[in-house]
Amino acid sequence: MRERLPAAAVQNIKQKNNHAFTIEWSDGLVGDYRLSDLQKCCPCANCTDETTGKRLVDEKSIKHDVKAIRIVSVGRYALRVQFTSGCSTGIYDFDMLYKMARG
Amino acid sequence: MPLNIYQEATGHPLSNIKHVIAVAAGKGGVGKSSVTVNLALALKRLGYHVGVMDADIYGPSARKMLPEDRIPSQKGAIIQPALCQGIHMISMAYFRKEHEAAAIRAPIANGIITQFIQNVAWGPLDYLLIDFPPGTGDIQLTLSQQANLAGAIMVTTPQEVSVIDVRKAMHLFEQVKVPIIGIVENMSYYRHSPTDENIYLFGKGGGERLAREAGVPLLEMIPIDPCLCYSGDKGHSIFAAENTEADSIAKVFIALAKRVIEHMAMMKVQSGEGQTNFEIHWKEMT
């Protein structure tokens, strides 16, 4: 059976500035997440074709200064961002966010 | 523009509950409800405040096994759970006659589960056991996303046909990062009383193999016991019956409850105090 738990857990999450938030992972890694970068890879069905994985939203249409209204956890494995642009259904799993922080 | 899916919330609706535990199998007929009800009674017996959410919308059976002393009531959007031998319980069975089918489509069933999570006034509880419906679909995902699950107890019977489906349910929990507390093998054996011999009617070792394969403990092996079956059908507690058969099966569930408590405590230490339930309201920063 594959690994059952995330490699690292979210130790702390906080707003960094008007356009980004920070996650401190339990193994000490710290990741800064710019909202516009996250929206560019939003996994929701409006932004990404579920079958082909093709992006349905033109990257250029995503504003660099997009903000959030709210960020909430989803179960024990992900978070959801309510962007000011209206998109609010994408589930960003912690594995994906951890990998983004690790680069 | 997509619909706004957020609702105003002041803290998680289940934040008064110390441990929310899924009792799941992925498969029907392995005894999830029987394990849930008797584990709840055992935890209650050990002095804990316990609740049961019967999330099987299409085939709720927990009410039959644990009849209520007080039916649930509703005031506005808030539902007061039923009270059954000191255990708080909510089930679709309270909203349908026993013989009536809940002929509803998945989005409605999902909405009911969301109401069970968000609108039931559980009060402070040590343990809320969620009796999962069979399968790995919409309802299971909603519960995994919204119910603040601390862990899952997997119930299986010994035969491989059962273990295959349980593996799938474990894979779902793996994907949503809900840790597996352990395996309960139900209907493990029948104790032939004249010879005191254990007869393995459904084969031997399925639960143990699964536990080893997944690297989780085998929490308990529950025998096939006519007394357990009779108590469930009659809605009698195995802890209230005064005979040696009931006493023997009650001891098995007390042992299971103690192992669950012990493993929950260990898991808490191992996983540290990572945040899994948060909400950030964006503020304008200067």
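**A strand and its partners**

Tutor: Let's start with one pair of residues: Gly51(B) has His88(B) as its bridge partner in S6(B). Before we go on, this is a predicted model, where local features need pLDDT of at least 70 and side-chain atom pairs count only at pLDDT 80 or more, while totals for chains, interfaces and linings use all residues. Residues are numbered from 1 along each chain as its sequence is written, and chains are lettered from A and ligands numbered from 1 in the order in which they are written.

S2(B) covers residues 50-54. Names like this come from DSSP runs, numbered from the N terminus: helices are H or I with at least four residues, and strands are E with at least two. S2(B) and strand S6 (residues 87-91) of chain B run parallel, joined by four bridges. Two strands pair if DSSP finds at least two bridges between them. S2(B) also pairs with S7(B), in the parallel sense and over five bridges. One spot to look for is Val50(B), whose bridge partner in S7(B) is Tyr127(B).

Now, how covered is S2(B)? Five of its five residues are buried, so this strand is largely enclosed by the rest of the structure. (Buried means that 20 or more other C-beta atoms lie within 10 Å of a residue's own; exposed means 12 or fewer, and partly exposed is in between, with C-beta atoms placed from the backbone.) In a regular strand the side chains alternate between the two faces of the sheet. Here Val50(B), Val52(B) and Asp54(B) point one way, Gly51(B) and Met53(B) point the other way, and all are buried.

Follow S7(B), residues 125-131, and you reach S1(B): those two run parallel with six bridges. Ala22(B) has Ile130(B) as its bridge partner there. S1(B), residues 17-24, is mostly covered too, with seven of its eight residues buried. S1(B) also runs parallel to strand S8 (residues 151-156) of chain B, with four bridges, and Ala24(B) stands opposite Met154(B) in S8(B).

What packs around these strands? In soluble globular proteins, nonpolar side chains tend to be buried together. A nonpolar core here is a set of buried Ala, Val, Leu, Ile, Met, Phe, Trp, Tyr and Cys residues joined through C-beta atoms within 7 Å. The largest one has 78 residues, and Ile21(B), Ile130(B), Ala152(B) and Met154(B) have the most contacts inside it. (Two residues are in contact if their C-beta atoms, placed from the backbone, lie within 7 Å.) Another core lies apart, with 21 residues, including Val10(A) and Tyr77(A).

Let's zoom out. Chain B has eight helices and twelve strands, and 43% of its 286 residues count as buried. Among its contacts between residues at least 6 apart in sequence, 76% join residues at least 24 apart.

Two residues have a backbone worth a look. Most residues other than glycine have a negative phi, and most peptide bonds are trans. Met187(B) has a positive phi of about 55 degrees and sits in strand S9 (residues 180-192) of chain B. Asp196(B) has a positive phi as well, near 60 degrees, but is found in the loop between S9 and strand S10 (197-199) of chain B. Met187(B) counts as buried because 24 C-beta neighbours lie inside 10 Å, whereas Asp196(B) is exposed because it has 7 other C-beta atoms within 10 Å.

Finally, the neighbouring chain: 32 residues of chain A are in contact with 30 residues of chain B. On chain A's side, S4(A) gives the largest share, seven residues. S4(A) runs antiparallel to strand S12 (residues 279-281) of chain B, with three bridges, and Val72(A) stands opposite Glu279(B) in S12(B).
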